[in-house]
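The briefing after it is grouped by topic.

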Amino acid sequence: DFFYMIPRPPRATQGVSSPASDVYKSEVRAGAALSVVVAGATLDGVGVALFLLVLGGTMVPRALGVTGVLDVGYGAALLASAWAAQLEWYRAVPWLDLPVHAVCTGLIAALATVTLVRVGALPAPHADARPWRTGVVVVTTGLGAVLAILWELGEWAGHTFLDDRIGVGYGDTVTDLATGLLGSVVAGVLLARGTAAREHRP
């Protein structure tokens, strides 16, 4: 499920993904690889570089051993947001930018939190889980805030140096930051609640 990703205490094992989940993960990564090929045949160098980044990004959960919906959702969100940019969906549907910022920032922040747990920079869940769950929400939200800022800096750099079609501006930046922060709060809460539910399973 979504939260089979943070190590349990020593008595437990890592989560096991379902066959259906494995299929979805493979399809997302295959879609990212195919997108690189399509970009190479139809898009410019910036488009190819974008999909190479997406392909690399979809490999991160696999390297971390993350399973479940987080892996699938994270990869699918990266892939969808990249194609939306290349197909200029953000121009055709101006509000689409906001849910994309919320979903992508939240999922990346959640994955970053899991990474910190996996490398030992944050403690794994333990018996006294309430303070840990609070910390997960705070850390995920903080990471999401930083990611949202970096995303806006990237948009500014892209607009300035690569493609002036990339939308920037005061209103755009503020709303993007707000939705990215909101998505990170939601991701942190879901991550904490899901891990707590898993800890109480027999």
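A nonpolar core is a set of buried Ala, Val, Leu, Ile, Met, Phe, Trp, Tyr and Cys residues joined through side-chain atoms within 4.5 Å, where buried means under 20% relative accessible area, exposed over 50%, and partly exposed in between (1.4 Å probe, protein chains only). This is a predicted model, in which local features need pLDDT of at least 70 and side-chain atom pairs count only at pLDDT 80 or more, while totals for chains, interfaces and linings use all residues. Residues are numbered from 1 along each chain as its sequence is written, and side-chain values use heavy atoms, with hydrogens and water left out.

**The chain as a whole**

- The secondary structure of the protein chain comes to 7 helices and 0 strands, where helices (H or I, at least four residues) and strands (E, at least two) are DSSP runs numbered from the N terminus.
- Of the 202 residues in the protein chain, 39% are buried.
- The accessible surface of the protein chain comes to about 10500 Å², of which 71% belongs to carbon and sulfur atoms; such areas come from the Shrake-Rupley method with a 1.4 Å probe, and for residues only the protein chains shown count as cover.
- Among contacts (heavy atoms within 4.5 Å) with a separation of 6 or more, residues 24 or more positions apart account for 76% in the protein chain.

**The nonpolar core**

- The largest nonpolar core has 26 residues, and those that touch the most other members are Phe51, Val54, Val66, Leu70 and Leu111.
- At least two residues of this core are supplied by each of helix H1 (19-42), helix H2 (45-64), helix H3 (69-86), helix H5 (97-118), H6 and helix H7 (170-199).
- Not counting residues up to four places away in sequence, Leu111 touches Val60, Pro61, Leu64, Val66, Leu70 and Tyr74.

- The 18 residues of H3 should span 26 Å at 1.5 Å a residue, and its end C-alpha atoms are 25 Å apart, which agrees; the expected span is 1.5 Å times one less than the number of residues.
- The buried residues of H3 include Leu70, Asp71 and Tyr74.
- The side chains of Arg29 and Asp71 meet in a salt bridge (3.0 Å, N to O), a term for a side-chain nitrogen of Lys or Arg within 4 Å of a carboxyl oxygen of Asp or Glu.
- Because Arg29 lies in helix H1 and Asp71 in helix H3, the pair ties together parts that are 42 residues apart in sequence, and both Arg29 and Asp71 are buried.

- The 34 residues of H6 should span 50 Å at 1.5 Å a residue, and its end C-alpha atoms are 47 Å apart, which agrees.
- Gly144 lies in helix H6 (residues 129-162) and is buried, with a relative accessible area of 0%.
- Leaving aside its neighbours within four places in sequence, Gly144 is in contact with Thr105, Ala109 and Ser184, and the C-alpha atoms of Gly144 and Val185, 41 residues apart along the chain, are separated by 8.0 Å.
- Leu162 also lies in helix H6, but Leu162 is exposed, with a relative accessible area of 62%.
- Val46, Trp156, Phe161, Leu162, Ile166 and Val168 form a nonpolar patch on the surface, with about 600 Å² of accessible area together, and H6 gives the largest share of the patch, 3 residues.
- Patches are made of residues with over 30% relative accessible area and no salt bridge, with like charges joined within 9 Å and nonpolar side chains (Val, Leu, Ile, Met, Phe, Trp, Tyr) within 5 Å.
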